[in-house]
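Work through these exercises with the model open beside you. Try each task before you read its solution.

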Amino acid sequence: MKRDVEIEINGETYARTIDPRMLLSDFIRHEARLTGTHVGCEHGICGACTIQLDGEPVRSCTMLAAQAEGHRVRTVEALAAGSGGELHPLQQAFHEAHGLQCGFCTPGFLMTLEPLVARGEALDREQIRGEISGNLCRCTSYQQIVDAVVLAIERHGGE
Amino acid sequence: MKPPPFEYRDPETLEETLALLAEHGDDAKILAGGQSLIPLLNFRLARPEVLVDINRVRPLAGIDDRPEGLRIGAATRQSALERSSQVAAQQPLLAEVIRYVAHAQIRNRGTVGGSLAHADPAAELPVAMTALDASLIASSGRGERRIAAEEFFVSHLTTVLEDDEVLIAVDVPRAPAGTRVAFEEFARRHGDYALGGAAVVLTADAAGACSRARVTLLAAGDVPVRAHAAEKLLVGAVVDAAVAREAAAAAVRDIEPVGDGHGDGDYRSSVIEAMCDRAIARAAAPGEGKKA
Ligand SMILES: Cc1cc2nc3c(=O)[nH]c(=O)nc-3n(C[C@H](O)[C@H](O)[C@H](O)COP(=O)(O)OP(=O)(O)OC[C@H]3O[C@@H](n4cnc5c(N)ncnc54)[C@H](O)[C@@H]3O)c2cc1C
Ligand code: FES
Ligand code: FES
């Protein structure tokens, strides 16, 4: 049985009629056409599909789209949109510190890390590694990702 | 990697939930955090006809501080347990183990009850709840029942819950004065299911001797394993390094962990013994194990 849903993504409401088995990741990509959210493993392991639900990072591949009704979904597209079209400071830090190569994993890392940086948490390198343990990157060996977060935290603190 | 078709129901009350479960029996499956169930659906390893989502049943989530201890609603997010000051103050073992459960993004969705009902022998919460003598409250159209954690787990991914029952809460009793706790596990990568581990709860009498002990092992069998032999050695002893070593050796004498690509059975057994030794030593050392 199909179901009518209204899902808020980045402040916009998407009203659609969907099959309840549709994953939130597929709703975001195929219905809302926001393809910044990437899908790697589709079983909760890789973190590429990480979005924020009511401000908290969650996997969008282990949630049904219908479960997001009544909640606020935020995807990577919101970052630059919230910075007037410029790169968000965290994205800028990833850019400068070479925190990405192919970029497939990057949206997931950004959505995981953004609330931590925004809260002004003073994390050391070890703690940063703990925070990104749920995101896999096959290119960077993580060094530059950690560098990027260190840079973003420094700049945030210095503001 | 997409879920098979199912009928989706998201009731807002416990009564509706129980009615749906009574109606659909084993064709229905409860969806809580979805962090184990949705991957199983995506792999098509589970094909329920009806999915009963309990996320909109508000009274199932929350932590209640009662005179006898904490009542943790089944649908309480694992991250809420992690952040709870009541849990940190009253049940430091839970505060300690929760950080080992998966990753932050998964704990933001995964629930306490889901982890218990999923009954993975390598999961931390079942092992901790068994060590803490917690009891699980199950509800159905037939009424409510209370099940001791130790009786709850039947085998790998199987519990005593009937098809029409939903887990509604876990009661974690207050620990007696003089109780200290510790948890240790070894995983290849932080957040992965561990190769082995142990939870230890020790109560010392005024003279410093151990008056009560609970030792439970992670990934040691098809359910959380209570190490009675180790507990016997600990009770009555002043627990020092030698006693800890002896008790850890006793703990693993009768277990037969199953080997896999991450390590064979013997290796896993030595991992569990080492974790058990460390946890006992830490729980016994003044200023080391966390006071409960
Ligand atoms: C990458 C990854 C790593 C993980 N690592 C770990 C780890 O290291 N340690 C660990 O412990 N867990 C780990 N998990 C599992 C995670 O903790 C799950 O959240 C948990 O096992 C299930 O909880 P849930 O709320 O998501 O339940 P769901 O996935 O919704 O449900 C799981 C099962 O429990 C049943 N169920 C759920 N709630 C109830 C209820 N109230 N009453 C009756 N039945 C119910 C469901 O029907 C289903 O059969 C990991 C998961 C992933 C994806
Ligand atoms: S695609 Fe969701 S965790 Fe890999
Ligand atoms: S940059 Fe390629 S996977 Fe991370």
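The exercises below concern a predicted model.

**Exercise 1. The interface**

Task: Find how many residues each chain gives to the contact, and which parts of chain B take part.

Solution. 
Step 1. Count the residues on each side. Chain B gives 30 residues and chain A gives 27 residues.
Step 2. Look at the area. The two chains bury about 2400 Å² between them, and 50% of it lies on carbon and sulfur atoms.
Step 3. Y8(B), Q105(B) and R109(B) supply 26% of the area that chain B buries against chain A, more than any other three residues.
Step 4. Count the polar links. The rule finds 17 residue pairs in polar contact across the interface of chain B and chain A.
Step 5. Turn to the elements. In chain B, α2 (37–42), β3 (50–53) and α6 (104–107) each supply at least two residues of the side that touches chain A. The largest share, three residues, comes from α2(B).
Step 6. Sort that side of chain B by residue type. It holds 13 nonpolar, nine polar and eight charged residues.

**Exercise 2. Salt bridges between the chains**

Task: State how many salt bridges cross the interface of chain B and chain A, then examine two that join the chains.

Solution. 
Step 1. The rule finds four salt bridges across this interface.
Step 2. Take E56(A) and R83(B). Their side chains meet in a salt bridge at 3.1 Å, N to O.
Step 3. Take D10(B) and R3(A). Their closest N and O atoms are 2.9 Å apart in a salt bridge. D10(B) sits in the loop between β1 (7–9) and α1 (14–24) of chain B, while R3(A) sits in strand β1 (residues 3–9) of chain A.
Step 4. Is D10(B) buried or exposed? Its relative accessibility is 19%, so D10(B) counts as buried. The cut-off for buried is under 20%.

**Exercise 3. A salt bridge within chain A**

Task: Explain what the salt bridge of R155(A) and E96(A) ties together.

Solution. 
Step 1. Check the distance. The closest N and O atoms of R155(A) and E96(A) are 2.6 Å apart.
Step 2. Locate both ends. R155(A) is in helix α6 (residues 143–158) of chain A and E96(A) is in helix α3 (residues 89–96) of chain A, so the pair ties together parts 59 residues apart in sequence.
Step 3. R155(A) is partly exposed at 36%. E96(A) is partly exposed at 37%.

**Exercise 4. A buried arginine**

Task: Describe the setting of R214(B).

Solution. 
Step 1. R214(B) lies in strand β13 (residues 210–218) of chain B.
Step 2. Its relative accessibility is 14%, so R214(B) counts as buried.
Step 3. Its side chain makes a polar contact with the side chain of D133(B) at 3.1 Å.
Step 4. R214(B) also touches other residues, including A131(B), R226(B) and E231(B).

Technical notes:
Residues numbered from 1 in each chain as written. Chains lettered and ligands numbered in written order. Predicted model: local features only at pLDDT ≥ 70, side-chain atom pairs only at ≥ 80, totals over all residues. Heavy atoms only, no water. Contact = heavy atoms within 4.5 Å. Buried area = accessible area lost by both parts, 1.4 Å probe. Polar contact = N/O pair within 3.5 Å; in protein donor to acceptor, adjacent residues only side chain to side chain. Helix = DSSP H or I, 4+ residues; strand = E, 2+ residues; numbered from the N terminus. Nonpolar A, V, L, I, M, F, W, Y, C, P; charged D, E, K, R; others polar. Buried < 20%, exposed > 50% of the residue type's maximum accessible area, 1.4 Å probe, protein only. Lists of a residue's contacts leave out its neighbours within four places in sequence.
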